[in-house]
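Have a look at the structure first, and then we'll walk through it.

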Amino acid sequence: MSCLVCTKNLADDATVTSSITMDATLTLAQLKRAFMAGLARTDDGLSPSTNWILHVDFGAPKTIDVIALYGINTIGGDYSVSVSGGTATEDDTSYGSIGSLSSGNDSNVLNNEFVFVLEAPVSVRYLKITAGWETAAGVTYYDARRLWIGPALRLRTASIESAFEVVDRGSITRSRGERVFSTPRKPHKLHTYAMRGMTQEQAIGYDDGAGPANLQKVLGDIGLSGEIAVYPTTADQHRIHRLGTYGHLESSARIRPQGRGFYASELVVRQAPA
């Protein structure tokens, strides 16, 4: 399995506008708060067929690989998303669509989200994201917590093993009188990506600083407190949701030589919010 490592969110410095009037206090600015600390909400009263269109202007052409909207108020993973963009207008090129995660994205272990992985990096100044999803009965507005648009380090030639565990920080205590008290908390994922067979270019780059981004550089930019998203390189939405994680590094990643010019590393990502 190859994967994408995303650490730079270009949406935070872009101008983002909405096709739908936003709530007076839960504005689009909330989408630029790290780790889903904010909440953006459209005005109430939407019809079920209404799409939410986000118009993005980066100010100058930027290279992007991944587009995601985290913390959306969908139920059952029923959504539809299409993306277009270009250097002259937001309608220059259509980059396709995704939708309807058939297995459902309603597990409490997962954040409700959509993740649009481009087949190859594209350079755009303008971007249009057209989205719609099923909300709970009686809910006539869209919620979202974090907009992510950015480049990715594409580790195509490395051998990558992916494993995750469900972490529950809740607790159960028993009193002297044998009464049981529980403190539930939402479970989340702790995802481990073990990478083998990375080239020097992918792992540490070259001494002249030329070439594309490398793992040492992108990890150095975020440390343990920055945001990171890791996704498999696939168009399969089920695999993207189950095998991908947005959050922060749980521990420092070591990059070590394997011999014959290859390198290995391991990323442990704790799902946000945790």
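This is a predicted model: local features need pLDDT of at least 70, side-chain atom pairs count only at pLDDT 80 or more; totals for chains, interfaces and linings use all residues.

## The surface and the charges

## Overall build

What does the secondary structure of the protein chain come to? You get three helices and 18 strands. Along the principal axes, the C-alpha atoms fill a box of roughly 70 × 60 × 30 Å.

The radius of gyration of the protein chain is 20 Å, which agrees with the value near 19 Å that a compact globule of 274 residues would have. Of those 274 residues, 46% count as buried. Contacts reach along the sequence, too: take the ones between residues at least 6 apart, and 74% of them join residues at least 24 apart.

## The largest nonpolar core

Now for the inside. The largest nonpolar core has 35 residues, and the members that touch the most others are W52, I64, F114, L127, I129 and I149. Four strands each supply at least two residues of this core: strand 4 (52–70), strand 5 (79–86), strand 7 (113–133) and strand 9 (146–150). Strand 7 gives the largest share, with nine residues.

Leaving out residues up to four places away in sequence, L127 touches L54, H55, V56, F58, I64, I67, V83, S84, G85, E90 and I149. Apart from the core described so far lies another one, of 20 residues, with L153, I228, V230 and V269 among them.

Is T7 buried or exposed? T7 sits in the loop between strand 1 (3–6) and strand 2, yet T7 is buried, because its relative accessible area of 17% falls under the 20% cut-off.

Which residues does T7 touch, not counting those up to four places away in sequence? The list is W148, V218, I222, E227 and I228. I228 is also one of the residues in the 20-residue core.

## The loop between strand 2 and strand 3

Most residues other than glycine have a negative phi. F35, in the loop between strand 2 (15–18) and strand 3 (40–41), has a positive phi near 55° without being a glycine. M36 lies in the loop between strand 2 and strand 3 as well, and its phi is also positive, at about 60°, although M36 is not a glycine.

How covered are these residues? F35 is partly exposed, with a relative accessible area of 24%. M36 counts as buried because its relative accessible area is 7%, under the 20% cut-off. A37, found in the loop between strand 2 and strand 3 too, is partly exposed at 45%.

Conventions: Residues are numbered from 1 along each chain as its sequence is written. Side-chain values use heavy atoms; hydrogens and water are left out. Buried means under 20% relative accessible area, exposed over 50%, partly exposed in between (1.4 Å probe, protein chains only). A nonpolar core is a set of buried Ala, Val, Leu, Ile, Met, Phe, Trp, Tyr and Cys residues joined through side-chain atoms within 4.5 Å. Contact means heavy atoms within 4.5 Å. The radius of gyration is taken over C-alpha atoms; the globule rule is 2.2 Å times the number of residues to the power 0.38.
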